[in-house]
Amino acid sequence: GVLCGQSKAEKILRGFSRDVIISKQLHAGFNEDKFKPGLEPKFRNQYNIRDKFVFLFVGALGYRKGIHMILEALHDLRIKHNNLHFLMVGSGEYDDELNIKIDNLGLRDIVTSIPWMANDDLPYVYNSADVFLYPSIPHEGWEEQFGYSIAEASLCGLPVVSTKTGGIDEVLIDRKTGIMVQSGNVSELKNAMEEMIAGNELRKELGRNGRQFIVENYSNRIVAQKLYNFFKRVYESK
């Protein structure tokens, strides 16, 4: 028996053998009681951004995550919107390049970089933001397998802007739980961010739908049941 996290992997595996029992699912689920909306937005107070419209990224800081495109979009958006802020949580091999870009674009005053955060603090940082950004791009043969931080953000009721690449469509439904744009397209990313800024009701609807989708498909309870069913099938096939 084989577990695979997304449809593309399942298709590849089925090409090798018809005798293998394949279950398309995650190996671990998400804690819907830990990652939830309504928690104290304490990072707004900590970084004095209580009255700002906050975009958030959480993850490894690599070129493949497309964070440089967020910065380029922010450079244009701040001309029209003077209350924007970007929280960037994570570290990686692209740290230096991103810092140079932040300075070159004159964004130092609206970007807060947090290199590391305890897992227990993550629900609070999600609750401190208005929109979650995850503009992943294919890079050197790699594509996003599954957006774990997208799922966490959705559980916290955050609308998501991400890209049509890899397995992201397994965790995000375009125009239902977030907005998906073409990978590598800064203009589309900027337009989606502006739509989120303007659409208070849209953000609420996408956030509600996102939490419901993750709870129904990737919560601990759901994944545990799928694992049980998978092991039972494998055992009974002997």
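Guide: Arg 44 sits in helix H2, which spans residues 42-46; helices here are DSSP runs of H or I with at least four residues, strands are runs of E with at least two, and both are numbered from the N terminus. This is a predicted model, in which local features need pLDDT of at least 70, side-chain atom pairs count only at pLDDT 80 or more, and totals for chains, interfaces and linings use all residues. Residues are numbered from 1 along each chain as its sequence is written, and side-chain values use heavy atoms, with hydrogens and water left out.

Arg 44 has a relative accessible area of 10% and is therefore buried (under 20%; exposed is over 50%, partly exposed in between, with a 1.4 Å probe and protein chains only). Neighbours within four places in sequence aside, Arg 44 is in contact (heavy atoms within 4.5 Å) with Ile 49, Arg 50, Lys 52, Val 54, Ser 128, Ala 129 and Asp 130. The Arg 44 side chain reaches the backbone oxygen of Ser 128 at 3.0 Å.

Lys 42 is also found in helix H2. Its relative accessibility is 27%, so Lys 42 counts as partly exposed. With neighbours within four places again left aside, Lys 42 is in contact with Asp 121, Tyr 124 and Ser 128. The side chains of Lys 42 and Asp 121 are joined by a polar contact of 3.2 Å (a pair of N or O atoms within 3.5 Å; within protein, one must be able to donate a hydrogen and the other to accept it, and residues adjacent in sequence count only if both atoms are side-chain atoms).
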